Amino acid sequence: MDTEKLIKTALFLCFYVSLSLCFCVAMSGIKTPATDFTLKDLNNNSVKLSDYKGKVVLLNFFATWCPPCREEMPSIEKLHKNLKNKKFAVLAVAIDKKGEPAVRPFIEKEKYTFKVLLDSKNKVSDVYGIQSIPATYVINKKGIIVDKVIGSFDWTQDKVVRVLEGLIKEK
């Protein structure tokens, strides 16, 4: 392996490990109530965040044109499939300016099954202070934000799944 490739690999591993540790350590640190909102889904139904109280919610802000967003979506789908029969939900908020015409083909092509909401005017993403994407909030069953992750993340890591399952089991 050449030196440049070795350095790049080492830097990637350091970044990945530090991001993983930050996620696990920060899970108990934020403790801010999640601001309720209502957005339309891809079927034009109104969806309120508060409808999911009693479930752990992974609230993900993304755009179809965003490479890091596209990179993390398969892990969100896998997490959704693994935990959907528990008290867990994924709400993916698309901030694409073109709205449903841009988002629906992407979601259908990739066969994602989690709930997708449309925020083409950035009303909710502004309330949540989204400045870069992907941005993901972990909200506990009481509606409290317990973590925020900025950037692409592998949501299928064993440690992460264990933390989320722990939140699901909390009273």
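The expected span of a helix is 1.5 Å times one less than its number of residues. Helices (H or I, at least four residues) and strands (E, at least two) are DSSP runs, numbered from the N terminus. This is a predicted model, where local features need pLDDT of at least 70, side-chain atom pairs count only at pLDDT 80 or more, and totals for chains, interfaces and linings use all residues. Residues are numbered from 1 along each chain as its sequence is written, and side-chain values use heavy atoms, without hydrogens and water.

Start with helix 5, residues 158-169. Its 12 residues should span 16 Å, and its end C-alpha atoms are 16 Å apart, so the two values agree.

Now look at its sides. Val160, Val161, Leu164, Leu167 and Ile168 are buried (under 20% relative accessible area; exposed is over 50%, partly exposed in between, with a 1.4 Å probe and protein chains only). These residues cover an arc of only 120 degrees around the axis, so they lie on the same side of helix 5. The arc is that of the directions from the helix axis to the C-beta atoms. On the other side, Asp158, Arg162 and Lys169 are exposed.

Next comes the largest nonpolar core, with 54 residues. Such a core is a set of buried Ala, Val, Leu, Ile, Met, Phe, Trp, Tyr and Cys residues joined through side-chain atoms within 4.5 Å. Leu59, Phe61, Phe62 and Tyr128 have the most contacts inside it. Strand 5 gives the largest share, seven residues.

Finish at Asn122, in the loop between strand 6 and helix 4 (123-127). Its relative accessibility is 16%, so Asn122 counts as buried.
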